[in-house]
Amino acid sequence: RPAVAAAVVAHLTAEARLLESDPVYKWAATRWPTFVQVCLYVVDHVVPQFAGARAVLPLGAAGTTKLLMGASRLFRAKGMDWRGYYNGSSAVRFPTGPVAGWNTHDHGVNNAEGALAWPAMDRRLGAAQGEADAAMTLVLSRLDEYQGQPNALFCADEAERGAESGVSTPR
């Protein structure tokens, strides 16, 4: 539907402009891969479908694609360093046991939404396939080792709570 596509493109265009000047804080920083997913969906599906429709793509197909890819790279740069979090090279590091209190980077859903999508989104933004594969292996191995459950899944609610069965479930 052209009206929905136009609204999505207008919203992402506004977000792209804000990213140029505004900082990215806590919650949004952890979810940068979700923003990238939406931008890439538009580039992959909306831009080709509405390439000639200026009402949907005021910047045209090439201009919209350039804007959204640039915004995606900028959001990644301003967002949480998931690689550093998981490999221990950043100031904010993945917990190797239960987390004492709630915070945005150890929030289970932020990890599920951000960290698990980060390798694929990094790949789509130009990382080598081997780099993306290594990143996903790192994420899954750390989650399995420190937050994993006997069913081979990880379980987290508001904070990563460790690998003890039942510890990560809502209270």
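**View 1. Gly114 sits in helix α6, residues 108-115.** This is a predicted model. Gly114 has 0% relative accessibility, under the 20% cut-off, so it counts as buried. Beyond residues up to four places away in sequence, Gly114 touches Thr30, Pro33, Trp82 and Val109. Ala28 is 86 residues from Gly114 along the chain. Even so, the C-alpha atoms of Gly114 and Ala28 are separated by 9.7 Å.

**View 2. The whole protein has eight helices and zero strands.** Along the sequence the pattern reads α-α-α-α-α-α-α-α. Of the 171 residues in the protein, 43% are buried. Consider contacts with a separation of 6 or more: 66% of them link residues 24 or more positions apart.

**View 3. The largest nonpolar core holds 37 residues.** Within this core, Trp82 and Tyr86 touch the most other members. At least two residues of the core come from each of α1 (2-21), α3 (32-49), α4 (60-78), α5 (82-87), α7 (118-124) and α8 (129-147). The most come from α3, which gives nine residues.

**View 4. Tyr86 is shown with its contacts beyond four places in sequence.** Its partners there are Phe94, Asn111, Ala115, Leu138, Val139, Arg142 and Leu143. Tyr86 is also, with Trp82, a residue that touches the most other members of the largest nonpolar core.

**View 5. Helices α1 and α3 pack at an angle of about 135°.** Their axes lie 11 Å apart. The crossing of α1 past α3 is left-handed. From α1, the residues in the contact are Ala5, Val8, Val9, Leu12, Glu15 and Leu19. From α3, they are Phe35, Val38, Cys39, Val42 and Val46. By class, this contact has ten nonpolar, no polar and one charged residues.

**View 6. Helices α3 and α4 pack at an angle of about 165°.** Here the axes are 9 Å apart. The angle is over 145 degrees, so α3 is roughly antiparallel to α4. The crossing of α3 past α4 is left-handed. On the α3 side, the contact is made by Trp32, Phe35, Val36, Cys39, Leu40, Val42, Val43 and Val47. On the α4 side, it is made by Ala61, Thr64, Thr65, Leu68, Met69, Ala71, Ser72, Phe75 and Arg76. Sorted by class, these are 13 nonpolar, three polar and one charged residues.

**View 7. Helices α1 and α4 cross at roughly 45°.** Their axes come within 9 Å. That angle makes α1 oblique to α4. The crossing of α1 past α4 is left-handed. In α1, the residues that meet α4 are Val9, Leu12, Thr13, Ala16, Arg17, Leu19, Glu20 and Ser21. By class, the contact has nine nonpolar, three polar and three charged residues.

**View 8. Pro2 is placed in helix α1.** Gln49 is 47 residues from Pro2 in sequence. In space, C-alpha to C-alpha, Pro2 and Gln49 are 9.5 Å apart. With its neighbours within four places in sequence left aside, Pro2 is in contact with Phe50 and Val56.

**View 9. Arg31 lies in the loop between α2 (26-30) and α3.** Gly79 is 48 residues from Arg31 in sequence. The C-alpha to C-alpha distance between Arg31 and Gly79 is 7.7 Å. Not counting residues up to four places away in sequence, Arg31 touches His107, Val109, Asn110 and Glu113. Val109 is also touched by Gly114.

Terms used
Residues numbered from 1 in each chain as written. Predicted model: local features only at pLDDT ≥ 70, side-chain atom pairs only at ≥ 80, totals over all residues. Heavy atoms only, no water. Core = buried A, V, L, I, M, F, W, Y, C linked by side-chain atoms within 4.5 Å. Buried < 20%, exposed > 50% of the residue type's maximum accessible area, 1.4 Å probe, protein only. Helix = DSSP H or I, 4+ residues; strand = E, 2+ residues; numbered from the N terminus. Contact = heavy atoms within 4.5 Å. Axes fitted to C-alpha atoms, helices over the stretch in contact; angles between N-to-C directions. Left-handed = near helix turned anticlockwise from the far one by under 90°. Nonpolar A, V, L, I, M, F, W, Y, C, P; charged D, E, K, R; others polar. Parallel < 35°, antiparallel > 145°, perpendicular 65-115°, else oblique.
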